[in-house]
Amino acid sequence: MSHPRPRLPAASLLLGVLLLAGSMPAPAGETQVAVIVSGRAPRVSFDQAMLRAIYLKKIFIGPDGRRLIPVNLPPGNPLRDAFSHVLIDMRDAQLQEYWNRQYFQGTSPPYVLGSQKAVVRFVAETPGAIGYVWPCHVDSSVRTVLLISLSAPATGQDPEACPANPQP
């Protein structure tokens, strides 16, 4: 007599797939960016659609009820440009136009920090902060919640690029 297999709810299965996808190495020729939160933050999961809404400030409160504070690298930073292109599907000039329109509606763009080291420090110390860095900058003070493949590699010289993420 065979016993029926327990069925997992679709949401649990999808979450498992997303978690596995986020922890898999990037295919050859692709680099990844780590999306980080404080190491002390409650464990929540993000997908790219939610992260896009957070960075466009369409979502202000996280699943845990905490105010979300997205942070960016400076305009012209190769990682910011690649991140914006892949996640938001906008280049810096398009994003600037978006924020000019949002500003007149009372919404300010994400904070801008000068380096990936500053992003890690700010995210580690600020409840609700979320940022992105090359994976080599992740330390024990922060936790990676999502790895995003940058199929369009960051262009230009990035002095903070990881050795495993060479840039053309």
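This report describes the fold of one protein chain, from its overall layout to single residues. The model is predicted.

## Overall layout

The secondary structure of the protein chain comprises 5 helices and 5 strands. Along the sequence, these elements follow the pattern α-β-α-β-α-α-β-α-β-β. The chain has 168 residues, of which 41% count as buried. Among contacts with a separation of 6 or more, 72% are between residues 24 or more positions apart.

## The sheet

The 5 strands form an open sheet in the order S3-S2-S4-S1-S5, with mixed pairing. S3 and S5 stand at the edges with a single partner strand each, so one side of each has no neighbour in the sheet. Strands of a sheet pair through backbone hydrogen bonds, and the pairing may be parallel or antiparallel.

| Strands | Sense | Bridges |
|---|---|---|
| S1 and S5 | antiparallel | 8 bridges |
| S2 and S4 | parallel | 2 bridges |
| S2 and S3 | parallel | 2 bridges |

Val35 stands opposite Leu146 in S5. Ile69 has Ala129 in S4 as its bridge partner, and Val71 stands opposite Tyr111 in S3.

Strand S2 also illustrates how side chains are arranged. In a regular strand, the side chains alternate between the two faces of the sheet. In S2, Ile69 and Val71 lie on one side, while Pro70 and Asn72 lie on the other.

## Helices and their packing

Which residues of H5 are buried? They are Gln116, Ala118, Val119, Val120, Val123 and Ala124. The buried residues of H5 pack against strand S1 (31-38), strand S2 (69-72), H3, strand S4 (129-133) and strand S5 (142-150).

The axes of helix H2 (residues 48-55) and helix H3 (residues 78-88) come within 9 Å and cross at roughly 120°. On the H2 side, the contact is made by Gln48, Leu51, Arg52 and Tyr55, and on the H3 side by Phe83, Val86, Leu87 and Ile88. The residues of this contact divide into 6 nonpolar, 1 polar and 1 charged.

## Aromatic pairs

How many aromatic pairs does the structure contain? The count comes to 6 aromatic pairs. One of them joins Tyr111 and Phe122, whose ring centres are 6.0 Å apart. Their planes stand at 70°, and planes over 60 degrees apart count as edge-to-face, so this pair is edge-to-face. The two residues are 11 residues apart and belong to distant parts of the chain: Tyr111 is in strand S3 (residues 111-112) and Phe122 is in helix H5 (residues 116-125). Tyr111 is partly exposed, with a relative accessible area of 48%. Phe122 is also partly exposed, with a relative accessible area of 23%.

Ring pairs also link Tyr55, Phe83 and Tyr132 into a cluster. Tyr55 belongs to the H2 side of the contact between H2 and H3, and Phe83 to the H3 side.

Setting aside residues up to four places away in sequence, Leu95 touches Leu56, Arg80, Ser84, Ile88 and Met90. Leu95 and Ser84 are 11 residues apart along the chain, and their C-alpha atoms are separated by 8.2 Å.

Thr107 provides a second example, located in the loop between H4 and S3. Its relative accessibility is 14%, so Thr107 also counts as buried. Apart from its neighbours within four places in sequence, Thr107 is in contact with Lys57, Phe60, Trp99 and Gln102.

Key
Residues numbered from 1 in each chain as written. Predicted model: local features only at pLDDT ≥ 70, side-chain atom pairs only at ≥ 80, totals over all residues. Heavy atoms only, no water. Phe/Tyr/Trp six-rings, centres within 6.5 Å; stacked < 30°, edge-to-face > 60°. Helix = DSSP H or I, 4+ residues; strand = E, 2+ residues; numbered from the N terminus. Buried < 20%, exposed > 50% of the residue type's maximum accessible area, 1.4 Å probe, protein only. Contact = heavy atoms within 4.5 Å. Axes fitted to C-alpha atoms, helices over the stretch in contact; angles between N-to-C directions. Nonpolar A, V, L, I, M, F, W, Y, C, P; charged D, E, K, R; others polar. Pairing = 2+ DSSP bridges.
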